[in-house]
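This briefing is meant to be read alongside the sequence and the coordinates.

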Amino acid sequence: MMAQTKPSETFVEVRDLKRVFDVSRPWLNRVIERQPKAFLKAVDGLSFDIRRGETFALVGESGSGKSTVARMAVGLLPVTAGSVLIDGVSMTDVKDSQTRQQLRKRIQMIFQDPYASLNPRWRVERIIAEPIHAFGLLKGEQVTARVGELLTLVGLHPDDGRKYPHEFSGGQRQRIAIARALASSAEFIVCDEPTSALDVSVQAQILNLMRDLQKEFGLTYLFISHNLAVVRHMADRIGVMYLGRLVEISEGKRLFSAPRHPYTRMLLDAVPDLGMTGRQRQMVAGEIPNPINPPSGCTFHPRCPLANERCKREPPAMLDGVACHAVQEGRVS
Amino acid sequence: MTEPVISVRDLRVEFVTRKGILRAIDGVSFDIMPGEVLGVVGESGAGKSVTGSAIIGLIEPPGRIAGGEIRLHGQRIDNLDPESLRRIRGRKIAMIFQDPLTSLNPLYRVGEQLVETILTHTDLGPAAARARAIELLNEVGIPAPERRIDGYPHEFSGGMRQRVVIALALCAEPDFIVADEPTTALDVSVQAQIIALIRKLCRERGTAVMLVTHDMGVIAETADRVAVMYAGRVAEIGPVRDVVKHPLHPYAKGLMGAIPTLEAEADRLVQIPGSMPRLSNIPQGCAFNPRCDRVFDRCRVERPDPDIPRFGLEGEAPLMPGHRVACHLYTRNPVENAS
């Protein structure tokens, strides 16, 4: 079923990934109003690995660049600098374009909004069969059989293939999106906020389904979410993003029991949780700054209780899973 | 005993459509005391927002209040003419909406919108109104309010905008605020600040708040009491700690177990089979019966009302006063339950 190449421990390798968006005003405005060009560094030097069969999650607040990373990882967005290697094949290098074509069917994406990611004019069977046709995997009767099989796999009925997306609820639509992602026997699935548009009881169904499928097919997930509790439930390892940079990478549960970066601590403190009834919390000051004009040095320093002069000057490097001067200097336990 | 600020009795809201009458709210009752935050939770379509809109008188055709009473300080407000309702709205009752960008007029400065509201609802003059607006912005935690008051909404960030909306709601010192998903559009770190702000205002001013949200975490932290809604009815209502820690209704139990938390060790989340019924197709008897794993004959015929549980289920925590549940399991003989 799967075209296995060399089985490697590391499946996805992201190295020094950068993405800059040009957010300048139109040329005429710039000339008349004498404004310089403006750039937004959405992702600024990101490196991480994902091992085969694991769930790697990226968390962060809006504007931290999570979705940009997801879209670069699957090749929907060209990178400005850096590289993404999936199973040893570069997603960015032109030389690899032949092998990349082969790789494409092993990578799929599940989007946030199942109302927008399914073509409303297509029947479900056509939606799910699209990757099969695109890669020429099966023909004729086999396609119908495979679609029925996929629908059963995600907890729907094979007859549901005759229906249109509008006949399904949000949770069922997300199941269809998952079936489509599995249609080409993908191994690496990028999930960009797959449950944030769903109600909690439906979210539980989808998260359970994603876990079951992962066990069954040995899938590798890149899981993007802003919901820390969901991430804790799903992820083996977690990367915390702030303004386009990773501030901490940690094994899943350890991030919650022993957060190290001040931003991670702040985030964990801020999350309203079922267990929090009547608990008094540490108040967080400030908001995520404007990414067009980020603070100097460590971008978190204006909100950080531990910031000193060095933090204002020098961006900290990622060392031993955390990018923070205070932690590295031992100023904090 | 103090009087409730808002008292809702057997409220029913219907929407007339071509396919027939849809009952979005079917017999909802609750009280909210001064300074109390009542959380209303439920999944989409449970009728949370419609309940809020009904109280503030914002149900528009084809929707209508088909029955029941809404009382503000003991006075009925559900049958008022639009003019008298308009006078209450804003002065006695205020509303905070989900998206702060749409509830502010982008063409007017923040200050103008605040001053206009203050002039409409109070006896203050223009200069005093402006001073009051600055004071309000300061109170909701906007830095340098004397400068920011002349900014346009787009110059504020999401969290700051929501603070402005809260300031706007506070202009006339209302007795009751309906907050419909006030933090859903915000990031977690900002969300925590807004929650703390709402709590503080409640405590200091004795304002009653109805907090509508689908986020149980927000409710657990903000509300004093919580009502769990399902298919237009209250399934369970009680002190927040009891409902969150020891839910009684099978739906509430499922809901709490379905939420991933930062503490619990669970390999799988609790899954409630199926989904919420459509309004056009609400099952007879208890609306939850097709999805319930403890269903028995009576559930399919007779609709349960929120009531004080008469019998506890085996192995459950003792029942707390004020905790009501709409489930036949708790009115049936415990011997039968055990079988």
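In this model, which is predicted, B:Val40 stands opposite B:Ala227 in strand E9(B).

**Strand E9(B) and its partners**

- The pair B:Val40 and B:Ala227 belongs to a parallel pairing, in which strand E3 (residues 37-41) of chain B and E9(B) are joined over four bridges.
- Six of the six residues of E9(B) (residues 225-230) are buried, so the strand is largely enclosed by the rest of the structure.

- Seven strands of chain B form an open sheet with mixed pairing, in the order E6-E7-E8-E3-E9-E10-E11.
- Strand E6 (93-96) and strand E11 (324-325) of chain B stand at the edges, each with a single partner strand, so one side of each is left without a neighbour in the sheet.
- Strand E7 (residues 176-180) and strand E8 (residues 208-212) of chain B run parallel and are joined by five bridges, with B:Val178 standing opposite B:Met210 in E8(B).
- Helix H6(B) lies across E6 and E7 of chain B, and runs at about 170° to E6(B).

**The nonpolar core**

- The largest nonpolar core holds 192 residues, of which A:Phe223, B:Leu211 and B:Val228 touch the most other members.
- Helix H6 (residues 158-170) of chain B gives the most to this core, with eight residues.
- Leaving aside residues up to four places away in sequence, A:Phe223 touches A:Thr55, A:Phe56, A:Ala57, A:Cys191, A:Val231, A:Met234 and A:Ala235.

**The contact between chains**

- In total, 34 residues of chain A are in contact with 38 residues of chain B.
- Helix H7 (200-217), helix H8 (228-234) and helix H10 (262-270) of chain A are the elements that give two or more residues to the side of chain A touching chain B, and the largest share, seven residues, comes from H7(A).
- By class, that side of chain A has 18 nonpolar, 10 polar and six charged residues.

Methods. Residues are numbered from 1 along each chain as its sequence is written. Chains are lettered from A and ligands numbered from 1 in the order in which they are written. This is a predicted model: local features need pLDDT of at least 70, side-chain atom pairs count only at pLDDT 80 or more; totals for chains, interfaces and linings use all residues. Two residues are in contact if their C-beta atoms, placed from the backbone, lie within 7 Å. Ala, Val, Leu, Ile, Met, Phe, Trp, Tyr, Cys and Pro count as nonpolar, Asp, Glu, Lys and Arg as charged, and the others, Gly among them, as polar. A nonpolar core is a set of buried Ala, Val, Leu, Ile, Met, Phe, Trp, Tyr and Cys residues joined through C-beta atoms within 7 Å. A residue is buried if 20 or more other C-beta atoms lie within 10 Å of its own, exposed if 12 or fewer, and partly exposed in between; C-beta atoms are placed from the backbone. Two strands pair if DSSP finds at least two bridges between them. Axes are lines fitted to C-alpha atoms, for helices over the stretch in contact, and angles run from 0 to 180 degrees between N-to-C directions.
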